[in-house]
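Look at the sequence and the model below before reading on. The paragraphs after them go from the whole chain to a few of its parts.

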Amino acid sequence: MSAMVRQVLEAVAADDKVVERVVDAARGNSPEVARLPAEENRRHIAFLLTEGIAHLERGGTPDDGDFSAALALGADRAAQGVSMAGLLRGVHAGRTELIRAAVELARSLGVDDGTILDFMINLDHYVGAVERHIISGYHTAELQLSRTARDLNAQVLRRLLVSGEFPDAAELARAGLRPDGRYHCVVSGVTDPSHARALEQRLQVFGGVYGLVEGRLAGLTHVLPSWSDDLLVVSPATALKSLRGTYSLCTQALAAAGPSLGVQLLTDLAGETALAAFPGLAETLAGSLLGQLEPKSTFHHEMVVTALCYLDNGGRLSATATALHIHANTVRYRLDRLVELTGADLGENPDGARSHVLATLHTWWGRGGGLEPPAPGGWVSGGCG
């Protein structure tokens, strides 16, 4: 292998943008793949790309080598309910984008067209072998899953929560569900099938039906789960025919929950979920409310963090001071200075012109969409939450 080809391989392997381009192409051309979390797509593609570069550097034949990652990708997509057509649309789009990105990198490094052509032929042969193993893994898993009650349960869940095709009474009965029952919808952030199986086993203590829905472990249960090491968003008990809308709310709440872990009630995340649906409006509020502040000023960040903590603690000075580990007088000084600079409404409403609740929400949301950190390390240490 020439030094120039090796340089191209190393550049492809080291460029995170190549992975992102392949991920975006696969998701953009396959709605079924796009319903999976982007990190799930990124995990597989990054690994396959790294393995492929190593394979080409070793000079192996296209079908020579370890394709266990490709087999696992096909098996995972079958377990996640992605159709073969949807999988192939994503794979083909990703394949095209990978070759395009590699050619661009090679040309930027001054590689001649003849070398690029040889390199592209080898790369295309390898990617073709990956595709064949993905299909093989998919078919093998599909055959195994079709024999299990677990997969039948997952199919019922997908119809109830995503497609809206209501199963008949016999299908519901096989899954352990009653047409007139009311169930808590449970949605997790777990996408890896092996991790999902382990979590499902732990949740069985609460009963219910679980399976991979749009790539995440989800389920229905009569009993509200009381604990979990992983993030779970759980809805109030809901009639089966209303679960599609409830599931959609749970997936939105899952994103709004951020790094939280454990059982999170959908109702407790209602505010964050509603506000997260309009990020552009939060930015507009921030520009209006924080326009007088200096983005690089540490003290201005301290004022913003203090105001957020003050609002989070119901406008109580002592609780805010305790949370921030500062004196109550310092809290008052920072709030007074913030009001002077921005005219912020921190809950006082002497003229009664506006609802106290709405005014506080308005201010809290705008603060949350505010300034960039003044230095590496994020917000000023000691902030609430």
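What follows is a walk through the structure, from overall numbers to single residues.

The model is predicted. Its chain has 385 residues, and 44% of them count as buried. The secondary structure consists of 17 helices and six strands. How do the contacts run along the sequence? Taking the contacts between residues at least 6 apart in sequence, 71% join residues at least 24 apart.

Next come the helices H14, H15 and H16. Helix H15 covers residues 317-324, and its buried residues include Ala319, Thr320, Ala321 and Leu324. What do the buried residues of H15 pack against? They pack against H14 and H16. An α-helix has 3.6 residues a turn, so residues three or four places apart point the same way. After H15 comes His325, which has a positive phi, near 60°.

Aromatic rings are another feature to look for. How many aromatic pairs does the structure hold? There are two. In one of them, Phe299 and Tyr333 are tilted, with 6.1 Å from centre to centre and 35° between the planes. The pair links distant parts of the chain, since its members are 34 residues apart: Phe299 belongs to helix H14 (residues 298-312) and Tyr333 to helix H16 (residues 328-342). Are these two residues buried, exposed or partly exposed? Buried would require under 20% relative accessible area, and exposed over 50%. Phe299 has a relative accessible area of 28%, so Phe299 is partly exposed. Tyr333 has 46% relative accessibility and therefore also counts as partly exposed.

The last stop is a space between the atoms. Rolling a probe the size of a water molecule over the atoms shows where empty space is left. The second largest pocket has a volume of about 270 Å³. Which residues lie nearest the centre of this pocket? They are Arg35, Gln80, Gly81, Arg158 and Val162, out of 13 residues that line the pocket. Helix H8, residues 149-163, gives the most to this lining, with five residues.

Terms used:
Residues are numbered from 1 along each chain as its sequence is written. This is a predicted model: local features need pLDDT of at least 70, side-chain atom pairs count only at pLDDT 80 or more; totals for chains, interfaces and linings use all residues. Side-chain values use heavy atoms; hydrogens and water are left out. Helices (H or I, at least four residues) and strands (E, at least two) are DSSP runs, numbered from the N terminus. Buried means under 20% relative accessible area, exposed over 50%, partly exposed in between (1.4 Å probe, protein chains only). Contact means heavy atoms within 4.5 Å. Rings of Phe, Tyr and Trp (its six-membered ring) pair if their centres lie within 6.5 Å; planes under 30 degrees apart count as stacked, over 60 as edge-to-face and the rest as tilted. On a 1 Å grid over the protein atoms alone, a cavity is a set of points where a 1.4 Å probe fits but cannot get out, and a pocket is an open set with protein on both sides within 12 Å along at least five of seven lines; lining residues have an atom within 4 Å of a point. Grid points are joined across faces, edges and corners, and a volume is the space filled by probe spheres set on the points.
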